[in-house]
Amino acid sequence: LPLLLEVTLLRLASSSHHPFYNGFYYNNIMNDRGNGQEKVAYFNGAKLVVETPRDPIYSSNGANVTLPCHYRYEPDLEAKRKIRIKWSKLRDDYTKERDVLVAIGKTSMAFGDFQGRAQLVQAGECQASLVVSDVHLQDDGKYRCEVIDGLEDESGVVELQLRGIVFPYQPPHGQYRLNFHEAERVCQDQGAILATFHQLFQAWSEGLDWCNAGWLADGTVQYPIRQPRKPSGRAHTAPGNPMYPARMGMLRMMLGTDAPLSPLGEVFYLGRPAGMTLEEAKQSCQDAGAEIARVGHLYSAWKFLGLDRCDAGWLADGSVRYPITKPRANCGPAEPGVRSFGFPSKGRFGVFCYKER
């Protein structure tokens, strides 16, 4: 980019909102006489309106997504104008923004890990929509679309949700042994990220009940209780999300969408009459053109695709689990869920494999 344009874009990215707003923006500039007296500059009589969708935009890890944003004038202006556009990613509490992209005319600049992945939709007039390619797990959240026309500045917010599943995860070496940063690494090993409180609360409202505490993305430790009971410290209180000073990883796997078959891929079970060791199980999945499934794959297939299998199988972390959507005799408790046999050092079981579509 030419040096002057690049400096302008960087200033736009770090600029703050105008301090005064009453439906239109005004500017104080020097008058033509150059005598130091100031006057109100101009007012075009047209209101700038920015429109973004109220409902969230859903996507999945690795996909491409468009965050819609359009602008218009009331009354309509026929003359083409050189618009400046800024996209930012917001914190949940709106206290801080992270620059995603700024543009002046047809020239744009993306920032951070959005470089090479973010660009504006070029087709159509009054278009400020943002295209994000190769969506990352961390892209989940709210985005501000800001349109600047001279002295007028309007914005709207778009929420991007990577629809998936919140699931509790306990590592092989036992309960409550992870600090926050270790929990983050465990999540990454599972192809997941730490859940936010909002994600945990939503999962709780959908029925998640877990009497073990886990780290969340904000550094707090909580656990979701639907059925109060003494071991969970909630025997005589309403169900909810109590705080708990313990250590465990609570993961969110971003693998489901409105049409989960495509991004989720296929989770299937392989078995042998004599069972398999963990290494034999991994090889069996490879021979089938797949890989051994992770814990999140199994949870997602259970929740979104109704996977129901009363046969225990190895998973990539060395655990043995099985998914039940229709509880029945000899298949564990009376509630649906993913059952766990823990991390057996010995034994022969089937295996759950995962194959991308």
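Modeller: The model is predicted. The helix is α2, which spans residues 180–189. Its buried residues are F180, A183, V186 and C187. Around the helix axis these residues cover an arc of only 115 degrees, which means that they sit on the same side of α2. The face turned away from that buried side carries H181, Q188 and D189, which are exposed. A residue counts as buried under 20% relative accessible area and as exposed over 50%.

Next, the two ends. Just after α2 comes G191, which has a positive phi of about 70 degrees.

Now the strand residue. D149 belongs to strand β12, residues 141–149. D149 has a relative accessible area of 6%, so this residue is buried. The side chain of D149 makes a polar contact of 2.5 Å with the side chain of Y73. Leaving out residues up to four places away in sequence, D149 touches L48, Y73, R81 and I83.

Last, the largest pocket, with a volume of about 1,200 Å³. It is lined by 39 residues, and those closest to its centre are K89, D92, D140, T196 and Q199. Helix α3, residues 197–205, gives the largest share of this lining, five residues. By type, the lining holds 14 nonpolar, nine polar and 16 charged residues.

Technical notes:
Residues numbered from 1 in each chain as written. Predicted model: local features only at pLDDT ≥ 70, side-chain atom pairs only at ≥ 80, totals over all residues. Heavy atoms only, no water. Buried < 20%, exposed > 50% of the residue type's maximum accessible area, 1.4 Å probe, protein only. Helix = DSSP H or I, 4+ residues; strand = E, 2+ residues; numbered from the N terminus. Arc of directions from axis to C-beta. Polar contact = N/O pair within 3.5 Å; in protein donor to acceptor, adjacent residues only side chain to side chain. Contact = heavy atoms within 4.5 Å. 1 Å grid on protein atoms, 1.4 Å probe; cavity = no way out; pocket = protein on both sides within 12 Å on 5 of 7 lines; lining within 4 Å. Points joined across faces, edges and corners; volume = space filled by probe spheres on them. Nonpolar A, V, L, I, M, F, W, Y, C, P; charged D, E, K, R; others polar.
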